[in-house]
Amino acid sequence: MKIGDKVSVVDEDLSGMVTSVKGNIVVFKDEYGFTHQYPKEKLVPKDADLYENIRIVKKAEPQKVISKKHQKNHLVLDLHFHNLVKNPNDYDSFERLFIQKEKLIEVLEFCRKNNLKRLEIVHGIGDGTLQRMVRDVLESQVNIDFYNKEILHHQSGAVMVEFH
């Protein structure tokens with residue numbers, strides 16, 4: 001440090017310009033004209049050019065691993081027939097209902113096998129045939145609770161299932 005350098009005091013909100021250096025003691029004048037004395041190890045040079053050539057490396061923040069058991073998002077099964085097969089017009093109504101029932105049972109088994117806690121089944125409103133089939137399958141299952149997603153169950157197109 002030499003006379004004319006700008007310095008800042010470590011752990012204090014105090015800075016100024018060096019007026020004299022006597023061995024280890026540095027004297028500086030702050031912006032209000034007051035003089036202060038500090039040892040060299042308590043001062044830091046205040047030089048903007050000092051930091052210009054330093055390369056900043058941003059590190060990626062590590063991702064938290066969340067177990068399937070504690071996942072906030074629940075699995076959603078959409079039983080609308082066009083989502084289950086490629087050519088929905090190639091099937092009659094009995095085949096459609098049978099495929100939808102098989103898919104529902106398959107997903108329920110998947111949830112149990114993988115210890116998922118919640119499943120949302122979207123069956124739509126329609127004439128109620130699929131809704132009755134879903135309700136019948138769920139009533140035949142053990143260790144589950146299920147309820148309509150909406151307050152007015154006749155307007156609900158989805159059922160929420162919770163596994164125990």
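In this predicted model, helix α2 contributes five residues to the lining of the largest pocket, the largest share of that lining. Both α2 and α3 supply at least two lining residues each. The pocket holds about 250 Å³ of space. Its lining comprises 16 residues, and those nearest the pocket centre are Leu97, Gln100, Asp127, Thr129 and Leu130.

The two helices also meet each other. Two packed helices are described by the angle between their axes and the distance between the axes. Helix α2 spans residues 93–113 and helix α3 residues 129–139; their axes come within 11 Å and cross at roughly 35 degrees. The crossing of α2 past α3 is right-handed. On the α2 side, the contact involves Leu97, Gln100, Lys101, Leu104, Ile105 and Leu108, which meet Thr129, Leu130, Met133, Val134, Val137 and Leu138 of α3.

| Group | Nonpolar | Polar | Charged |
|---|---|---|---|
| Lining of the largest pocket | five residues | nine residues | two residues |

These features belong to a protein chain with three helices and nine strands. Read from the N terminus, the order of elements is β-β-β-β-β-α-β-α-β-α-β-β. The chain has 164 residues, of which 26% are buried. Of the contacts between residues at least 6 apart in sequence, 47% join residues at least 24 apart.

Technical notes:
Residues are numbered from 1 along each chain as its sequence is written. This is a predicted model: local features need pLDDT of at least 70, side-chain atom pairs count only at pLDDT 80 or more; totals for chains, interfaces and linings use all residues. Side-chain values use heavy atoms; hydrogens and water are left out. Axes are lines fitted to C-alpha atoms, for helices over the stretch in contact, and angles run from 0 to 180 degrees between N-to-C directions. Helices (H or I, at least four residues) and strands (E, at least two) are DSSP runs, numbered from the N terminus. A crossing is left-handed if the near helix is turned anticlockwise from the far one by less than a right angle, and right-handed if clockwise. Contact means heavy atoms within 4.5 Å. On a 1 Å grid over the protein atoms alone, a cavity is a set of points where a 1.4 Å probe fits but cannot get out, and a pocket is an open set with protein on both sides within 12 Å along at least five of seven lines; lining residues have an atom within 4 Å of a point. Grid points are joined across faces, edges and corners, and a volume is the space filled by probe spheres set on the points. Ala, Val, Leu, Ile, Met, Phe, Trp, Tyr, Cys and Pro count as nonpolar, Asp, Glu, Lys and Arg as charged, and the others, Gly among them, as polar. Buried means under 20% relative accessible area, exposed over 50%, partly exposed in between (1.4 Å probe, protein chains only).
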